[in-house]
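Visitor: I have a structure open and would like to learn how to read its features. Where do we start?

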Amino acid sequence: MDSMITARKLAEDLELGDLETDVRRHLRYTLGHDEDEADPRYLFRALALAIRDRLVARWMETQRQIEAADVKQVYYLSLEFLIGRSLTNAVYNLGLEESVQAALRHYGTTLEEVASYELDAGLGNGGLGRLAACFLDSCANLQLPVMGYGIRYEYGMFHQRIENGRQVEEPDHWLRDGNPWEFERHENARRVHFYGRSELYFDSEGVHHSRWVDTHDVLAVPYDMPIPGFRNDTVNSLRLWRSAATDEFDLHDFNAGDYAEAVAEKNLAEQISMVLYPNDASENGKELRLKQQYFLVSASLQDVLAAWVQRHGRDFSTFHEKNCFQLNDTHPACAVAELMRLLLDEHHLSWEQAWDITTKCMAYTNHTLLPEALERWSVALFGRLLPRLLEIIFEINRRFLKEVEAKWPGDEQKKREMSLIEEGEQPHIRMAFLAIVGSFSVNGVANLHTELLKQGLFRNFYELWPHKFNNKTNGVTPRRWLYHCNPKLRDLISEAIGSGWIQDLDQLEDLLPKAGDPEFRERWRLVKLENKRRLARHVADVTGIAFPEHFLFDVQVKRIHEYKRQLLNTLHVIHLYDRICRGDTEGMVPRAVLIGGKAAPGYFVAKLIIKLINNVASVINADPRTQDLLKMVFFPNYRVSAMEIICPGTELSEQISTAGKEASGTGNMKFMMNGALTIGTLDGANIEIRERVGDENFFLFGLDAQQVQATRKNYDPNHIIAGDPEIRRVMELLEGGRFNEREPGIFDVLIGGLRNPYDPWLTIADFRSYIDAQRRVAATYRDQDRWNRMSIINTAMSGYFSSDRTIRQYADEIWHIQPFKTT
């Protein structure tokens with residue numbers, strides 16, 4: 001039976017009425033709310049539940065088809081899934097826009113208005129989590145049997161508020177009103193072990209085994225969320241784990257009057273899934289973060305193994321042929337040792353059998369070139385928290401070093417470099433090395449990133465196992481990042497080339513001839529202008545600053561980090577301010593600069609950069625000399641739903657990281673897809689963007705990765721500053737306190753970093769090139785006809801950066817899976 005017919009039949013079985021009737025029913029009978037005075041928050045929940053009803057039939061049918069086909073399945077393990085809001089995504093993917101708008105007219109509102117009451121799901125922080133969400137979208141769109149596993153954080157990373165220019169972190173209680181999209185599956189809860197000790201024993205047949213005893217256990221309770229494909233009746237699953245105590249509270253302590261002690265176990269258990277990325281500056285913070293990582297992988301692996309045993313018994317001979325685990329960065333690297341533990345201790349396989357299975361079904365994606373960002377855990381902490389896993393890691397390492405010895409006989413230095421245990425006064429476990437040793441595939445996320453992994457960070461492993469290493473350049477879903485968030489551009493494109501691009505983004509190349517059509521360029525300009533107006537209204541609502549629509553909208557939104565160089569952007573804004581103050585405005589175009597992003601709570605320098613941005617913006621926006629030429633804002637609490645407004649209205653995309661530091665980036669792809677032009681270094685996926693649009697449609701500046709390495713050997717920023725009058729004036733304004741007159745000395749750390757010959761980010765080294773590239777930007781922007789032609793070309797050449805392409809490569813080259821049958 002055709003899947004669409006089957007889903008329709010299931011819907012009929014559920015006796016779904018028309019959408020307006022179902023919204024009314026949920027308002028009254030599910031939420032107990034008077035429909036005649038519908039509070040918008042209740043209306044959102046009623047609409048979400050009515051849409052969810054329509055997902056469930058397709059969801060059940062999808063799971064039935066996957067089970068019936070008995071196909072290989074992939075499990076995507078990630079500490080982050082930055083899915084944003086789900087309502088509009090579900091409405092568009094189900095093709096229900098007209099029905100929803102008709103239903104909401106009865107209440108005098110619109111989908112956009114109702115959707116604004118949905119809180120962004122606090123399940124991620126930045127690019128890593130947004131990529132995972134895009135991948136799940138593409139897997140459903142391509143009808144691939146892929147399931148996501150993550151943690152159901154009670155609170156997101158934090159809600160960012162700006163007070164006196166400084167970041168203030170407040171709880172992001174995104175679940176305060178519940179989550180209408182989730183289904184609790186308490187019957188599938190799993191027990192996760194911590195602490196205790198490992199002991200040896202002999203079974204009834206005299207066979208030697210190990211087991212983990214005297215543990216403190218925590219329950220992992222699953223909550224499932226539907227992930228709909230685009231109008232294909234496919235709905236995949238994201239399973240999120242909530243931590244809970246094995247016993248709610250101790251009744252004896254409670255009756256004795258010790259109320260705090262009675263619920264202590266419950267509170268400790270619930271901490272694990274309480275907050276995304278706890279501050280790990282303290283030892284307690286480190287322990288909680290390691291608990292989160294192990295909690296995720298243990299619950300998820302137990303879940304998959306339980307399903308296998310239910311269907312196949314304890315015969316694991318074909319397990320690797322039917323299952324694959326993709327580790328999204330190093331956070332889930334514990335999965336290697338945990339799968340070994342489960343196969344050895346729970347299912348009593350031999351070491352050789354367990355290792356053969358593990359190394360045939362684990363795959364590892366690396367997302368960082370920063371050594372400090374790779375997970376390292378002290379042996380002392382790891383052994384106290386996960387004693388049985390430490391034993392297994394030691395044994396993996398012992399056997400692995402034999403392989404190193406065979407490859408490089410007598411090379412003790414090589415063994416030290418490659419050992420899973422970093423020796424020293426406080427030995428540490430190198431979790432990235434564990435992931436490499438235990439996986440059959442290791443991939444980077446952009447061509448440059450993968451080459452730098454092979455040549456630098458993981459060079460020894462590449463020499464040992466070159467067949468493991470491969471590249472999978474990241475992508476973003478065009479459904480959310482063009483079709484959903486930019487409806488006016490969507491409609492213009494579809495009118496010009498048809499709607500096939502929504503499923504096959506390479507078809508956007510058919511727009512290329514339109515770049516030469518003056519009438520089409522004008523229509524393109526008008527769409528961008530309307531999107532700029534929408535963004536300007538949002539900026540004014542959030543910050544109180546007006547962005548004139550004829551200004552160049554210059555945007556940098558991403559996690560605040562020194563290597564991403566929001567500081568370089570700010571220095572350029574100071575340079576423009578200096579020119580305005582001196583009357584040197586020839587060739588300048590009016591510019592509105594927007595910077596947004598969150599700094600990790602314990603990252604002092606990143607938070608100081610936010611303070612500088614806000615101080616500079618305050619000075620500029622208050623100076624009457626700048627009113628017709630320059631505006632600047634720091635956009636607070638940047639998140640997915642904000643990006644859906646920012647991205648369509650952006651004209652210049654700032655991708656300015658130090659070359660060799662950004663693994664890939666995905667914001668660069670979203671902006672390109674929506675017609676923004678990129679100013680950037682040869683870093684991450686910028687290189688591949690430039691290759692596709694052509695050098696003439698990309699504003700390149702700065703050192704490349706090799707030049708960065710060469711420059712570091714005798715870098716002298718003070719000489720550069722002294723020899724360049726424009727850079728010197730910027731530093732004089734910064735050092736003279738122009739932006740901190742009432743707070744003397746607060747930016748000394750940033751100034752010292754800029755002047756430091758050992759500055760790893762080489763900000764001053766690239767500053768002159770950046771100024772010159774920004775002048776090319778201004779000259780191009782003055783020629784609006786040329787700018788719009790370049791904008792069309794950028795969108796037309798963005799097809800390669802669809803996450804559908806990326807996922808097809810994962811499916812074909814790593815996972816070896818096919819779409820499950822839909823008949």
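Guide: With residue classes: Ala, Val, Leu, Ile, Met, Phe, Trp, Tyr, Cys and Pro count as nonpolar, Asp, Glu, Lys and Arg as charged, and the others, Gly among them, as polar. By these classes, the lining of the largest cavity has ten nonpolar, three polar and four charged residues. This is a predicted model, in which local features need pLDDT of at least 70 and side-chain atom pairs count only at pLDDT 80 or more, while totals for chains, interfaces and linings use all residues. Residues are numbered from 1 along each chain as its sequence is written, and side-chain values use heavy atoms, with hydrogens and water left out.

Visitor: What is a cavity, and how many cavities of 30 Å³ or more are there?

Guide: On a 1 Å grid over the protein atoms alone, a cavity is a set of points where a 1.4 Å probe fits but cannot get out; lining residues have an atom within 4 Å of a point. Grid points are joined across faces, edges and corners, and a volume is the space filled by probe spheres set on the points. Here there are three cavities of 30 Å³ or more. The largest has a volume of about 210 Å³. Its lining consists of 17 residues, with I83, N89, I227, P228 and R480 nearest the centre. The elements giving two or more residues to that lining are α4, α7 (127–141) and β9 (216–228); helices (H or I, at least four residues) and strands (E, at least two) are DSSP runs, numbered from the N terminus.

Visitor: Which residues lie nearest the centre of the second largest cavity?

Guide: K558, Q655, I656, S657 and E662, out of 14 lining residues. That cavity holds about 70 Å³ of space, and its lining divides into two nonpolar, eight polar and four charged residues.

Visitor: Is helix α4 mostly covered or mostly open?

Guide: Buried means under 20% relative accessible area, exposed over 50%, and partly exposed in between (1.4 Å probe, protein chains only). Helix α4 (residues 87–94) is mostly covered, with eight of its eight residues buried. N89 and Y92 are among them. After α4 comes G95, whose phi is positive, near 70°.

Visitor: How many disulfides are there?

Guide: A disulfide is a pair of cysteine sulfur atoms within 2.5 Å. The count is zero. For C134, the closest cysteine sulfur is in C485, 11 Å away, so a bond is ruled out by distance. C134 is buried, at 1% relative accessible area, whereas C581 is partly exposed, at 28%.

Conventions. 1 Å grid on protein atoms, 1.4 Å probe; cavity = no way out; pocket = protein on both sides within 12 Å on 5 of 7 lines; lining within 4 Å.
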